[in-house]
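Subject: Handing over a structure, with notes on what is in it

Hello,

I am passing on the structure we talked about, and I would be grateful if you kept it open while you read the notes below it.

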Amino acid sequence: MTLFIQQLFNGLALGGVYCLAAIGLTLVFGVLRIPNLAHGSLYMLGAYITYFFLTTIGVPYIAAIGMAAIILFVLGVGLERLVFHPLRNSPHTHHMIAAVGAMFFFQALAQAIWGADFRRMDTPITGELRVLGAEISAQRIVIIITAVIVLALLAWFIKRSIHGQTIEAIEQDRIGASLVGINPSMVSMLTLGLSALLATIAAGLVAPINLLSPTMGDALNLKVFAIIILGGLGSLPGAILGGFVLAIAETMTATYVSSAFGDTVAFIVLVAVLAIKPNGLFTKAVQR
Amino acid sequence: MLTLDNVSTGYDATDVLHGVSITARAGELTVILGANGSGKTTLFRTISGLMRVRTGTIDYEGRKLHRARANAIVKSGIAHCPEGRHLFGKMSVEKNLRLGSYPHRNSSRTEEIYAEVLDLFPILKEKAKQPAGSLSGGQQQMVAIGRALMSDPSLLILDEPSMGLAPIVVEQVLESVAQINRNGIGVLLSEQNAKASLAIAHRGYVLAEGRIVLADDASRLLDNPDVQAAYLGL
């Protein structure tokens, strides 16, 4: 039972990270109608820039994540403007090739600045909490709490604020949105910026648990794609539910079946969903 | 006043509109008649900036609009209620209407216009919290017209507002269009129901294969034998 609670918290913490990363990807898909294959590399850059502020400059942990998130927001806006915007009327394959190009560029950039070796970001938050007999590391508690707060703020932004509503409007009807005076280019920039910002928060939260490397975004990329397909492309509640379901499935499989098997769960789930219900498991159940 | 001078546009290599010139006078109801595929929808999409003008000019109250984007054109006072409505189907009726005021979102007039729209379509008051996509066709058309009105336009473009609606609902929709025009908003309307639309219009144009073939006062178009034969089924 103690092991189960321990792993449940591990799964929830991982789920929080997956959610934050997947929501950005699903928003970008909803607004720009493209799968942003460079998403994982934005996450990777977010981790390195957090590392830079924390370790090299010596900024406090949460502030370092915040500053990195702002930088990545600007980078996301720039990516939309310089790469995706000029291609907006091109066939979809062009976007995908451009996104892969951006991914390689960001990886090479990180390698040039920080080297190809793994780096460790020391856990700034130490200690453990005792929950129902299980020892939970404070870092994981911080991840879960931060993820919940950020998700709540995001939900408020999209549902209540006028700028957030423009994202939903474009997702639901691009022509209708243009006719009420919404500028689709502005919303595209906002959405890509937001997705990079959320990925950075995810990366900064999980970085003290994992190691940093220029290719750390690749595995995450595959998983967040599995999550948004599981949840239904473009669906926010789907991405949240999918993130937690996948993370807990992964953690529990690693614990109770085999640790080597944990990562493969994502892809078994992905293949099964694509084969049986390609529109996603939660598209009917959780309509927005 | 809206003036199109010799406007041509189209998709890919083919032009759909060939040198169209029309005028919609301020505060008047102008109707565009024409068979399916004659270019009515393309004409409206061009005015509202959803399609690019290839040659010719569009002028609205002294401002050149033929290079402007849709989001800028709605700010200048032209609201387009498109064919197929293009509502935000999963959002509530109220959110749809309120997003209509996006161009003037900080204006103090928003609440006033919102109340006017609900006066015009009282049924929407009951449906305010329901997703727009769950409403009947006629009610969705009311949301679409209401959303367009929320931008506080001086000219409202309505592309076949009665399409696919039951006859009794068609009557209601056209009556509300006439009401909007009586309230002082200019209307540019395309309509399958030529007789009913000419009855409430000031002027009319007949569009055929992307060209204006007839332009006259609405009452004279009603009596025109060619129009009667082609569009009134007489």
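In this predicted model, the axes of helix H5 (residues 138-160) of chain A and of H6(A) come within 5 Å of each other and cross at roughly 75°. An angle from 65 to 115 degrees counts as roughly perpendicular, and that is why H5(A) is described as roughly perpendicular to H6(A). If you look for the residues that meet there, you will find Phe157(A), Ile158(A), Lys159(A) and Arg160(A) on the side of H5(A), and Gly164(A), Ile167(A) and Glu168(A) on the side of H6(A). The residues of this contact between the two helices divide into 3 nonpolar, 1 polar and 3 charged.

Turning to chain B, its secondary structure comes to 10 helices and 10 strands. The radius of gyration of chain B is 17 Å, close to the 17 Å that the globule rule gives for 234 residues, so chain B is as compact as a globular protein of that length. Along the principal axes, the C-alpha atoms of chain B fill a box of roughly 45 × 40 × 30 Å, and 45% of the 234 residues of this chain count as buried. When one takes the contacts in chain B between residues at least 6 apart in sequence, 65% of them join residues at least 24 apart.

Chain B contains an open sheet of 6 strands, in the order S6-S7-S8-S3-S9-S10, and its pairing is mixed. Which strands lie at the edges? They are strand S6 (78-81) and strand S10 (211-217) of chain B, each of which pairs on one side only. On average, and with direction ignored, neighbouring strands of this sheet are turned by 15° against each other.

Strand S3 of chain B deserves a careful look. It pairs in the parallel sense with strand S8 (residues 186-190) of chain B over 4 bridges, and there Ile32(B) has Ser190(B) as its bridge partner. S3(B) also runs parallel to strand S9 (residues 203-208) of chain B, joined to it by 4 bridges, with Val31(B) standing opposite Gly204(B).

In a regular strand the side chains alternate between the two faces of the sheet. Leu29(B), Val31(B) and Leu33(B) point one way from S3(B), whereas Thr30(B) and Ile32(B) point the other way, and all are buried. Since 5 of the 5 residues of S3(B) (residues 29-33) are buried, this strand is largely enclosed by the rest of the structure.

With best wishes

How values were computed
Residues numbered from 1 in each chain as written. Chains lettered and ligands numbered in written order. Predicted model: local features only at pLDDT ≥ 70, side-chain atom pairs only at ≥ 80, totals over all residues. Buried ≥ 20, exposed ≤ 12 C-beta atoms within 10 Å, placed from the backbone. Helix = DSSP H or I, 4+ residues; strand = E, 2+ residues; numbered from the N terminus. Pairing = 2+ DSSP bridges. Rg over C-alpha atoms; globule rule 2.2 N^0.38 Å. Contact = placed C-beta atoms within 7 Å. Axes fitted to C-alpha atoms, helices over the stretch in contact; angles between N-to-C directions. Parallel < 35°, antiparallel > 145°, perpendicular 65-115°, else oblique. Nonpolar A, V, L, I, M, F, W, Y, C, P; charged D, E, K, R; others polar.
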